[in-house]
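Hi there,

Here is the structure I promised to pass on.

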Amino acid sequence: MTARGFASHSRLYLVALVVVVCFGVVAHRLIDLHVIEREHFLAQIQDTRHRVVAEPARRGNIYDARGDLLATTKTDITLAVDPWALQDKIEAQKFPARMARYEQEQRERRAQLAELLGMTVAEVEALYTPSWRDIPLEQDIHDDVVDGRTRARFVKFREGVTEEQFAKITALRVAGLTHERRFRRVYPHRELAAHVIGFVNKEDVPSGGVEAFADQYLKGLSGWREIERDGKRVELAQYRQREVPASDGWGVTLSIDAAIQYIVEQELEAIVDRFKPQKATILVSDPHTGFLLALANYPSFDLNEFGTTPLDKQRNIAAADLVEPGSTFKIVATAGALNEGLVTPTTKFDCTLDSIIYNGKPRRFMRDDHRYPQPLTVAEVIAKSSNVGTAQLGMLLGDRRLYDYARAFGFGERSGYPLGREEPGLLADPSKWSGIDITRIPAGYSIAATPLQVHYGMGVIASGGDLMRPQVIRQVVDAQGEVVYTFKPAVRRTVLERGTAESMARMLQRVVSTEGTARVAVIPGYEVAGKTGTAQKLIDGRYSARNHIGSFVGFFPASQPRVLMTVIVDDGKPPTGGTAYGSVVAAPSFKRIAEQLIQYLDIKPAAPTSGPAFFAHQAEGGRR
Amino acid sequence: MNTKNARAFATQLLVAALVVLGAGGGLGFAIVDLRQEISLSANTARVLEQRVVETERRIAELGGAIAAEQSPEVLAARNESFALGLVRPAESQVVRVAGSVTDRLTAKRQAEIFAAESGRVLTPVRFNTGGAQR
């Protein structure tokens, strides 16, 4: 008989049985886990480990014409305390000595934290006192007791912590400290071009300006990813399931030049200091393209402090407020009459008249400030800003044509200013005009216009007859800086023949001369063309003799305009006590800004020519 | 009962079970190791990703800070606080050059060289100091 040793029958069967049973148990457990209890465990895992994490897109930057940053996005950290987490950690220490040591160590770190944040130790310690917060009963599922309160695990500590500060705070390793990081919009230049840029509020909703208009470019596309976390709430990167990366917003480059904007805002400050106006606005643009180089209003506000700024200050006066343009509107009747061939610059008008028969009825003129005993030529009517002369030009055109020209110049309709909140102005149809309107409207009364309309109206002459669309955005660039879209100059309509515009420009040059109303705006060596305006303010239904809107609209060099500028001062009070004429409150500012722009934009003085400047320029190949 | 066949079967079963256990165990270890490697790689990728985000965040922060410091208002304040006396050029200080600037500079440089060779002293540039004019 052979010895079987260990491998006896019974033992072999026993081992085989044990192995089979083991496999059986494993198989049973696997079936239990993966088939029978599958839904239950999946739900549990889904609940505790599975998370969908949103990845907010970073909002694009706004740049000025030279690439300076006007608006950017940075992360903002809100520090918070979970006092219960600290208590749990202390209680988790098994030995009293170790617990005391840990507690002492944490106390010292909190003292350092207080010092870092400029707080007292007591203030920090108070935040670390465990507290409860009330919640609806149906949501009270976080602890075993349903009593309508839960542990306060996010006690807000400090908002607006910088990354640098946060790095130092993290290095302290203070227990129970938690944080929340989110994007915040910042405006490095604060008040600069506030009404152009607009702002994004704390709910990430853009409000006004480029922020609202270009929101579709700027906002980007938020992403998300599905993740799993372990028991310590740390992401298990290997279980990332689906991921849609965030796509950052595109950048927007404006036509606004921060340096010009600063010059303009400085001048606006000077106007406010000197004349204490109710409001004021200055616009600077390129007359050939319609792109705005600067737009500033008073009052204004700091974009970073939008929350504490009254809504009144946030209004873009240049687009949203209406003013009677006064004499700056005289260019419409004059240009219209010239364009229609009804007059030439040398046609003379008797400006001593008090009234005239128009459409079979006598009409009284608005009186001029000065009496002109000799008849004035059309050029002199403009240079001396005669109400009587301009009214006669308007009458030559007639109601309908005057109205048509006013509309063609952009009055009574929105200019298409891209940033919105624009008023169309008031320009009644001739059928609704009263008897004296034909004497008032040519002089810029009985109508209301936005500063933008006044500005682009003069732009018709500066551009050579075209009415341009106001534009602020030059380019849209993607996150890599590649140009995605370029905004082109847009002509709204051609209003005047080129020759008429050139004649007008020459006549407006006489306004800015010793014989005109804007002699203070003369810049030696430079051809400046422009028109002053002084409108009495309508207060309680009557024109006030003490409250005026003074304005000056001009461009230079007149033969080859590079800059179109409008200065409007509402209810300025000259320190000498006189009337706030446009020549007093607005024209000097035009000159000061122009002198600085000559340097900044390297505008050359006019070449001395014997003939009219425009003819010299035409010989060089014309204007582009 | 054929005891020989039964024992052979039991032995084979035992051997097969051990082989299965060994292979299964080995496979299990390999899978665990593989998963560990996947986990390590994924975590490394996550850390790198976080560092990229962190760097981008700091760049944005720095860009904002630089822009704020370069604001005309801040620069003007610095000019005043450091008493630098920098002023914008006035038109009276500017000499407009009608012809070719390159030709003018060449002529000027040549004049300086010839003057030095002939021993004449030529003052090439005259400064009109602006000082702290405002």
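Below is what I found, going from the overall layout to a single residue. Please keep in mind that this is a predicted model.

Let me start with the domains. Chain A is split into domain 1 (74-116 + 154-185) and domain 2 (258-619). Taken over C-alpha atoms, the centres of these two domains of chain A are 61 Å apart.

Next, a helix pair in chain A. Helix α4 (residues 96-117) packs against helix α6 (residues 163-172) at an angle of about 170 degrees, and 10 Å separate their axes. The angle makes α4(A) roughly antiparallel to α6(A), because anything over 145 degrees counts as such. On the α4(A) side, the contact is made by R109(A), Q112(A), L113(A) and L116(A), which meet K168(A), I169(A) and L172(A) of α6(A). By type, the residues of this contact are 4 nonpolar, 1 polar and 2 charged.

Then there is the interface between the chains, where 29 residues of chain A are in contact with 27 residues of chain B. On the chain B side, helix α1 (residues 3-69) gives the most, with 20 residues. That side of chain B comprises 12 nonpolar, 7 polar and 8 charged residues.

Finally, a leucine in a loop. L419(A) sits between α16 (399-408) and α17 (437-440) of chain A. L419(A) counts as buried because it has 24 C-beta neighbours inside 10 Å, and the cut-off is 20 or more. Leaving aside residues up to four places away in sequence, L419(A) touches V196(A), G209(A), V210(A), F213(A) and V472(A).

How values were computed. Residues are numbered from 1 along each chain as its sequence is written. Chains are lettered from A and ligands numbered from 1 in the order in which they are written. This is a predicted model: local features need pLDDT of at least 70, side-chain atom pairs count only at pLDDT 80 or more; totals for chains, interfaces and linings use all residues. Helices (H or I, at least four residues) and strands (E, at least two) are DSSP runs, numbered from the N terminus. A residue is buried if 20 or more other C-beta atoms lie within 10 Å of its own, exposed if 12 or fewer, and partly exposed in between; C-beta atoms are placed from the backbone. Two residues are in contact if their C-beta atoms, placed from the backbone, lie within 7 Å. Ala, Val, Leu, Ile, Met, Phe, Trp, Tyr, Cys and Pro count as nonpolar, Asp, Glu, Lys and Arg as charged, and the others, Gly among them, as polar. Domain bounds come from an automatic or database domain assignment. Axes are lines fitted to C-alpha atoms, for helices over the stretch in contact, and angles run from 0 to 180 degrees between N-to-C directions. Angles under 35 degrees count as roughly parallel, over 145 as roughly antiparallel, 65 to 115 as roughly perpendicular and the rest as oblique.
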